[in-house]
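Please read these comments with the coordinates open beside you. They are arranged as numbered points.

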Amino acid sequence: MEPCLSSPQIHLPKTNDGEGKSGEPSAVHVKKCKEIISTLPRKKGWKGSSDYLHQYQGFWYYDSFLEGIMSAQDHFQARSQDIIVASCPKTGTTWLKALTFAIATRTSFDDSTCTSPLLTKAPHECVPFLEIDLANDSSNRNMELNLVATHIPYVSLPHSILASGCKIVYIWRDPKDVFVSMWYFVAKQMISKDSEPISLEEAFELFCQGIVNYGPYWDHVLGFWRARVEFPEKIMFVKYEEMMKDTCFYVKKLAEFMGYPFTSEEEERGMVENVINMCKFEKLSNLEVNKNGMHRPNTSLEIENNLYFRKGKVGDWENELTAEMGARLDWIVEQKLSGSGLKLM
């Protein structure tokens, strides 16, 4: 029997009112979510004076994401063969999505004839987001593909994920680079909408307090780390910097963990290198779909695909933060990780 991953008791807004059209949440469910959100603690967000984040089950969220999380907790049905690609935002999610998709579909598409969907679709289209794309309808995806992505913290994952015993791949990254990437992501979104983003310094103070979408960052990391310690056969923990340093090793390790190991023949034919090259930052960021495409167009979560590609460099924080800011954030995270067995560097 598969082990059931454990999580603290979650109290959800239960509904029996069904869904709207095309998997959209029903009006009753949306109303219940909004009523709950209105009672939650809130803090100023990163997008201006009238913008707020709400705290739910220990983490901070914008309303649109929180509604999706609540709905996913109510509706998502995981399958035992599913593989959950988990991360906090801006930790290497796009790269990990591309790699896992390329690994899982490598026998279905011929790289030599350029038929992989990764060449014409953004990674976020290839691997759906649980709390955005599948929150109200678990079947709203290619059911032949067992990959589902999420930013939801471990403590708030839908019960079906924990009960099914499906595998989870989690990626994390140096928090200093995470912060810088987050700030640019939000700032560019604001500028594209002719709005003024908050300053980097102000955003840094909020990040250090843990007040950021899906934050506190360190609590997000620790939740999955502790679960990995308890269930090492079900959760793979990957650090962005280490995967950048030895991508070949980690791609093979990923493939084996996912149940798609490379055969010796595939390795001799260069299939590992093909996957790596297809998913390189330079390759993906220069594809037409990622330069000019749009993710979830005509919705409140509409985002230009190019915003998911900034630099992808390790240590770029040194170009944006002072040494004092870097040291302060390192100290905070080291204190938060103390005693967990997880090291920042």
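This is a predicted model: local features need pLDDT of at least 70, side-chain atom pairs count only at pLDDT 80 or more; totals for chains, interfaces and linings use all residues.

1. Residues are numbered from 1 along each chain as its sequence is written, and side-chain values use heavy atoms, with hydrogens and water left out.

2. The protein has 16 helices and nine strands, where helices (H or I, at least four residues) and strands (E, at least two) are DSSP runs numbered from the N terminus. Of its 345 residues, 57% count as buried, a term that means under 20% relative accessible area, with exposed over 50% and partly exposed in between (1.4 Å probe, protein chains only). Among contacts (heavy atoms within 4.5 Å) with a separation of 6 or more, 72% are accounted for by residues 24 or more positions apart.

3. Helix 3 (residues 93–105) packs against helix 11 (residues 247–258) at an angle of about 60 degrees, and their axes are 10 Å apart; axes are lines fitted to C-alpha atoms, for helices over the stretch in contact, and angles run from 0 to 180 degrees between N-to-C directions. That angle makes helix 3 oblique to helix 11, oblique being what remains once angles under 35 degrees are counted as roughly parallel, over 145 as roughly antiparallel and 65 to 115 as roughly perpendicular. On the side of helix 3 the contact is made by Trp95, Leu96, Leu99, Thr100, Ile103 and Ala104, and on the side of helix 11 by Thr247, Val251, Leu254, Ala255 and Met258.

4. The structure holds 17 aromatic pairs, that is, rings of Phe, Tyr and Trp (its six-membered ring) with centres within 6.5 Å, whose planes count as stacked under 30 degrees apart, edge-to-face over 60 and tilted for the rest. The pair of Phe179 and Phe207 is tilted, because the ring centres are 5.5 Å apart and the planes stand at 55 degrees. Since Phe179 lies in helix 7 (residues 175–192) and Phe207 in helix 8 (residues 200–208), the pair ties together parts that are 28 residues apart in sequence.
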